[in-house]
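Please look through the sequence and the structure below, and then follow the paragraphs that come after them step by step.

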Amino acid sequence: TAAALKDHLTNFYDRLGRRPRRNRRRGWLVRRLATATAALGLSAMLWLLLASPVEPEQRVMTVPIVYRGLPEGWGIDDPAPHEARLSLFGTRRAFERLPPGKPPTVAIDLNRAVLGARTVKLSERGIQGLPEDLEVLSIEPETARVRVYRSRQVRVPVRLVTEGIPPAGLEVIGQETEPSQVTARFRDRGAQTFSAIPTRPIDLEGLTESTTLPVRLDPPADVEIVEPASGSVTATIRLAPRQEARANDAGTRR
(Lines give C-alpha, C1' and ligand atoms only; values in the text may rest on other atoms or scores of the structure.)
Protein backbone atom coordinates (compact mmCIF):
# COMPACT_ATOMS: atom_id res chain seq x y z
CA THR A 1 0.00 0.00 0.00
CA ALA A 2 0.98 3.65 -0.22
CA ALA A 3 1.40 3.93 3.52
CA ALA A 4 3.67 0.88 3.67
CA LEU A 5 5.78 2.25 0.80
CA LYS A 6 6.09 5.60 2.59
CA ASP A 7 7.26 3.91 5.78
CA HIS A 8 9.75 1.82 3.85
CA LEU A 9 11.24 4.91 2.11
CA THR A 10 11.37 6.85 5.36
CA ASN A 11 13.31 4.07 7.07
CA PHE A 12 15.64 3.85 4.09
CA TYR A 13 16.46 7.58 4.12
CA ASP A 14 16.93 7.48 7.89
CA ARG A 15 19.61 4.86 7.47
CA LEU A 16 21.34 6.91 4.75
CA GLY A 17 21.21 10.36 6.38
CA ARG A 18 20.77 10.49 10.09
CA ARG A 19 23.15 7.81 11.20
CA PRO A 20 26.15 9.14 9.21
CA ARG A 21 25.58 12.54 10.80
CA ARG A 22 25.73 10.96 14.25
CA ASN A 23 28.97 9.15 13.23
CA ARG A 24 30.54 12.44 12.09
CA ARG A 25 29.65 14.05 15.41
CA ARG A 26 31.24 11.15 17.31
CA GLY A 27 34.45 11.44 15.24
CA TRP A 28 34.71 15.15 16.01
CA LEU A 29 34.38 14.43 19.73
CA VAL A 30 37.11 11.76 19.53
CA ARG A 31 39.47 14.16 17.76
CA ARG A 32 38.86 16.88 20.35
CA LEU A 33 39.52 14.42 23.16
CA ALA A 34 42.80 13.27 21.56
CA THR A 35 43.96 16.89 21.13
CA ALA A 36 43.18 17.70 24.76
CA THR A 37 45.02 14.60 25.96
CA ALA A 38 48.13 15.50 23.92
CA ALA A 39 48.10 19.07 25.24
CA LEU A 40 47.85 17.81 28.82
CA GLY A 41 50.79 15.43 28.28
CA LEU A 42 52.92 18.19 26.76
CA SER A 43 52.12 20.50 29.67
CA ALA A 44 53.21 17.81 32.13
CA MET A 45 56.50 17.29 30.29
CA LEU A 46 57.24 21.03 30.26
CA TRP A 47 56.51 21.22 33.98
CA LEU A 48 58.91 18.38 34.70
CA LEU A 49 61.64 19.99 32.59
CA LEU A 50 61.26 23.60 33.71
CA ALA A 51 59.53 23.71 37.05
CA SER A 52 61.16 20.84 38.97
CA PRO A 53 64.85 22.06 38.93
CA VAL A 54 64.05 25.41 40.61
CA GLU A 55 64.15 23.99 44.13
CA PRO A 56 67.39 25.32 45.73
CA GLU A 57 69.91 22.89 47.20
CA GLN A 58 73.33 22.93 48.85
CA ARG A 59 76.30 20.86 47.71
CA VAL A 60 79.96 20.51 48.71
CA MET A 61 82.57 20.13 45.94
CA THR A 62 86.30 19.33 46.18
CA VAL A 63 88.22 21.37 43.58
CA PRO A 64 91.93 21.83 42.73
CA ILE A 65 93.96 24.85 43.82
CA VAL A 66 96.06 26.46 41.07
CA TYR A 67 99.14 28.53 41.98
CA ARG A 68 99.98 30.94 39.18
CA GLY A 69 101.55 34.25 38.25
CA LEU A 70 105.08 33.76 39.62
CA PRO A 71 107.60 36.13 38.03
CA GLU A 72 110.16 34.67 35.63
CA GLY A 73 112.98 32.98 37.51
CA TRP A 74 110.94 32.36 40.67
CA GLY A 75 109.59 29.08 42.02
CA ILE A 76 107.67 27.58 44.94
CA ASP A 77 108.20 24.51 47.07
CA ASP A 78 105.46 21.91 47.07
CA PRO A 79 102.55 24.06 48.32
CA ALA A 80 99.82 22.89 50.66
CA PRO A 81 97.03 22.20 50.26
CA HIS A 82 96.41 21.08 46.67
CA GLU A 83 92.60 21.04 46.97
CA ALA A 84 89.81 23.11 48.54
CA ARG A 85 86.23 22.31 49.53
CA LEU A 86 83.55 24.66 48.21
CA SER A 87 80.12 24.81 49.85
CA LEU A 88 77.73 25.92 47.08
CA PHE A 89 74.05 26.93 47.04
CA GLY A 90 71.78 27.09 43.98
CA THR A 91 69.19 25.30 41.87
CA ARG A 92 69.66 21.89 40.35
CA ARG A 93 69.56 23.54 36.93
CA ALA A 94 72.53 25.75 37.91
CA PHE A 95 74.53 22.74 39.14
CA GLU A 96 73.78 20.91 35.88
CA ARG A 97 75.52 23.72 33.95
CA LEU A 98 78.86 22.69 35.47
CA PRO A 99 80.89 21.05 32.65
CA PRO A 100 81.21 17.29 33.32
CA GLY A 101 84.77 16.25 34.13
CA LYS A 102 85.94 19.88 34.40
CA PRO A 103 85.44 21.13 37.97
CA PRO A 104 85.93 24.75 39.00
CA THR A 105 89.35 25.79 40.32
CA VAL A 106 90.56 28.13 43.03
CA ALA A 107 93.42 30.27 41.67
CA ILE A 108 96.04 31.88 43.92
CA ASP A 109 97.88 34.75 42.22
CA LEU A 110 101.56 34.97 43.21
CA ASN A 111 102.63 37.82 40.93
CA ARG A 112 103.41 39.96 44.02
CA ALA A 113 105.10 37.17 45.94
CA VAL A 114 108.08 37.81 48.20
CA LEU A 115 110.92 35.41 48.98
CA GLY A 116 110.41 32.99 51.85
CA ALA A 117 107.38 31.41 53.48
CA ARG A 118 104.03 33.14 53.36
CA THR A 119 100.35 32.48 53.98
CA VAL A 120 97.85 33.38 51.24
CA LYS A 121 94.07 33.65 51.58
CA LEU A 122 91.68 31.68 49.37
CA SER A 123 88.92 34.01 48.20
CA GLU A 124 85.76 33.79 46.11
CA ARG A 125 87.37 36.12 43.54
CA GLY A 126 89.87 33.38 42.70
CA ILE A 127 87.21 30.79 41.83
CA GLN A 128 87.08 30.08 38.10
CA GLY A 129 84.61 28.04 36.03
CA LEU A 130 81.62 28.49 38.37
CA PRO A 131 78.17 29.49 36.97
CA GLU A 132 77.15 32.96 38.14
CA ASP A 133 73.88 31.76 39.71
CA LEU A 134 75.70 29.45 42.15
CA GLU A 135 76.43 31.10 45.48
CA VAL A 136 79.63 30.30 47.40
CA LEU A 137 78.79 29.81 51.08
CA SER A 138 82.29 28.89 52.28
CA ILE A 139 85.82 27.82 51.22
CA GLU A 140 87.83 25.35 53.27
CA PRO A 141 90.60 25.75 54.17
CA GLU A 142 90.61 29.54 54.26
CA THR A 143 94.38 29.85 53.66
CA ALA A 144 97.29 28.07 51.94
CA ARG A 145 100.99 27.98 52.82
CA VAL A 146 103.72 28.50 50.20
CA ARG A 147 107.48 29.02 50.22
CA VAL A 148 108.80 31.19 47.39
CA TYR A 149 112.39 31.09 46.14
CA ARG A 150 114.41 32.57 43.32
CA SER A 151 115.87 30.22 40.70
CA ARG A 152 118.75 30.41 38.24
CA GLN A 153 118.97 28.92 34.76
CA VAL A 154 122.45 28.11 33.44
CA ARG A 155 124.26 25.93 30.89
CA VAL A 156 126.09 23.06 32.61
CA PRO A 157 128.45 20.40 31.17
CA VAL A 158 127.39 16.76 31.20
CA ARG A 159 129.60 14.22 33.01
CA LEU A 160 129.26 10.68 31.64
CA VAL A 161 129.37 8.18 34.53
CA THR A 162 130.52 4.57 33.99
CA GLU A 163 130.99 1.60 36.31
CA GLY A 164 132.89 -1.67 36.05
CA ILE A 165 135.56 -2.46 33.47
CA PRO A 166 135.31 -3.67 29.87
CA PRO A 167 135.70 -7.38 29.12
CA ALA A 168 139.24 -8.82 29.09
CA GLY A 169 141.39 -7.55 26.26
CA LEU A 170 139.41 -4.28 25.79
CA GLU A 171 139.87 -0.77 27.12
CA VAL A 172 138.01 2.55 26.85
CA ILE A 173 139.83 4.94 24.54
CA GLY A 174 137.20 7.68 24.52
CA GLN A 175 133.72 8.70 25.69
CA GLU A 176 131.43 11.68 25.05
CA THR A 177 127.81 12.82 25.15
CA GLU A 178 125.62 14.67 22.70
CA PRO A 179 124.83 17.34 23.68
CA SER A 180 127.87 17.97 25.85
CA GLN A 181 126.03 20.69 27.82
CA VAL A 182 122.45 21.02 29.07
CA THR A 183 120.29 23.83 30.43
CA ALA A 184 119.46 23.41 34.12
CA ARG A 185 117.36 25.42 36.57
CA PHE A 186 118.08 25.31 40.30
CA ARG A 187 117.33 27.24 43.45
CA ASP A 188 119.57 30.27 43.88
CA ARG A 189 121.59 29.87 47.09
CA GLY A 190 124.14 32.57 46.49
CA ALA A 191 127.53 31.00 45.84
CA GLN A 192 126.12 27.57 44.95
CA THR A 193 127.32 26.33 41.55
CA PHE A 194 127.39 23.07 39.62
CA SER A 195 130.49 21.90 37.78
CA ALA A 196 128.56 19.25 35.79
CA ILE A 197 125.33 17.26 35.63
CA PRO A 198 126.04 13.51 35.93
CA THR A 199 124.36 10.75 33.96
CA ARG A 200 123.09 7.48 35.33
CA PRO A 201 125.90 4.91 35.35
CA ILE A 202 126.64 2.81 32.25
CA ASP A 203 127.96 -0.70 32.97
CA LEU A 204 131.11 -1.28 30.92
CA GLU A 205 131.19 -5.02 31.62
CA GLY A 206 128.36 -5.64 29.20
CA LEU A 207 130.04 -3.86 26.25
CA THR A 208 131.98 -5.85 23.66
CA GLU A 209 132.50 -3.07 21.12
CA SER A 210 132.20 0.68 20.70
CA THR A 211 128.61 1.66 21.54
CA THR A 212 126.22 4.61 21.22
CA LEU A 213 123.14 4.59 23.45
CA PRO A 214 120.71 6.97 25.22
CA VAL A 215 121.26 7.59 28.92
CA ARG A 216 119.21 9.51 31.49
CA LEU A 217 120.65 12.51 33.29
CA ASP A 218 120.85 12.20 37.09
CA PRO A 219 120.73 15.75 38.52
CA PRO A 220 120.42 16.60 42.24
CA ALA A 221 116.91 16.56 43.69
CA ASP A 222 116.43 20.36 43.53
CA VAL A 223 117.77 20.76 39.98
CA GLU A 224 115.42 20.75 36.98
CA ILE A 225 116.64 19.91 33.47
CA VAL A 226 115.09 22.46 31.13
CA GLU A 227 116.76 21.42 27.88
CA PRO A 228 116.70 18.75 26.58
CA ALA A 229 113.13 18.33 27.78
CA SER A 230 113.47 14.53 27.65
CA GLY A 231 116.11 14.62 30.39
CA SER A 232 118.33 12.27 28.34
CA VAL A 233 121.50 12.57 26.27
CA THR A 234 123.21 10.27 23.77
CA ALA A 235 126.40 8.65 25.07
CA THR A 236 129.18 7.24 22.90
CA ILE A 237 131.82 4.91 24.39
CA ARG A 238 134.73 3.84 22.17
CA LEU A 239 136.53 0.56 22.96
CA ALA A 240 139.78 -0.87 21.54
CA PRO A 241 142.12 -3.82 22.29
CA ARG A 242 144.40 -3.19 25.28
CA GLN A 243 147.96 -2.06 24.54
CA GLU A 244 149.40 -5.23 26.12
CA ALA A 245 147.29 -7.39 23.85
CA ARG A 246 148.37 -5.39 20.82
CA ALA A 247 152.05 -5.74 21.80
CA ASN A 248 151.73 -9.53 22.28
CA ASP A 249 150.02 -9.83 18.89
CA ALA A 250 152.88 -7.86 17.28
CA GLY A 251 155.54 -10.08 18.97
CA THR A 252 153.79 -13.25 17.82
CA ARG A 253 153.70 -12.03 14.22
CA ARG A 254 157.46 -11.32 14.33
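Is Glu176 buried, partly exposed or exposed? With a relative accessible area of 43%, Glu176 is partly exposed, where buried means under 20% relative accessible area, exposed means over 50%, and partly exposed is in between (1.4 Å probe, protein chains only). This is a predicted model, in which local features need pLDDT of at least 70 and side-chain atom pairs count only at pLDDT 80 or more, while totals for chains, interfaces and linings use all residues. Residues are numbered from 1 along each chain as its sequence is written, and side-chain values use heavy atoms, with hydrogens and water left out.

Glu176 forms a salt bridge with Arg238, and the closest N and O atoms of this pair are 3.9 Å apart; the term stands for a side-chain nitrogen of Lys or Arg within 4 Å of a carboxyl oxygen of Asp or Glu. The two residues link distant parts of the chain, since Glu176 is in strand β10 (residues 170-178) and Arg238 is in strand β16 (residues 232-241), 62 residues apart. Helices (H or I, at least four residues) and strands (E, at least two) are DSSP runs, numbered from the N terminus. Arg238 counts as partly exposed, at 34% relative accessibility.

The structure holds four salt bridges, and one of them joins Asp133 to Arg97, with the closest N and O atoms 2.1 Å apart. Asp133 lies in the loop between β6 (127-128) and β7 (135-140), and Arg97 lies in the loop between α2 (92-96) and β4 (105-109), so this pair ties together parts that are 36 residues apart in sequence. Another salt bridge is formed by Arg185 and Glu224, whose closest N and O atoms are 2.9 Å apart. Because Arg185 lies in strand β11 (residues 181-187) and Glu224 in strand β15 (residues 223-227), the pair ties together parts that are 39 residues apart in sequence.

Turn next to the strands, where two of them pair if DSSP finds at least two bridges between them. Five strands form an open sheet with mixed pairing, in the order β6-β4-β1-β3-β7, and the edge strands are β6 and β7, each of which pairs on one side only. Within this sheet, strand β1 (residues 56-68) and strand β3 (residues 83-91) run antiparallel and are joined by nine bridges, with Arg59 standing opposite Leu88 in β3. The charged end of Arg59 also sits over the ring of Phe95, 4.3 Å from its centre; for this, NZ of Lys or CZ of Arg must be within 6 Å of the ring centre and within 35 degrees of the ring normal.

What are the residues with the most contacts inside the largest nonpolar core? They are Val106, Ile108 and Leu122, in a core of 24 residues, and such a core is a set of buried Ala, Val, Leu, Ile, Met, Phe, Trp, Tyr and Cys residues joined through side-chain atoms within 4.5 Å. The elements that give two or more residues to this core are β1, β3, α2, β4, β7 and β8 (143-159), and β1 gives the most, with four residues. Apart from this core lies another, of 19 residues, among them Leu160, Ala184, Leu217 and Leu239.
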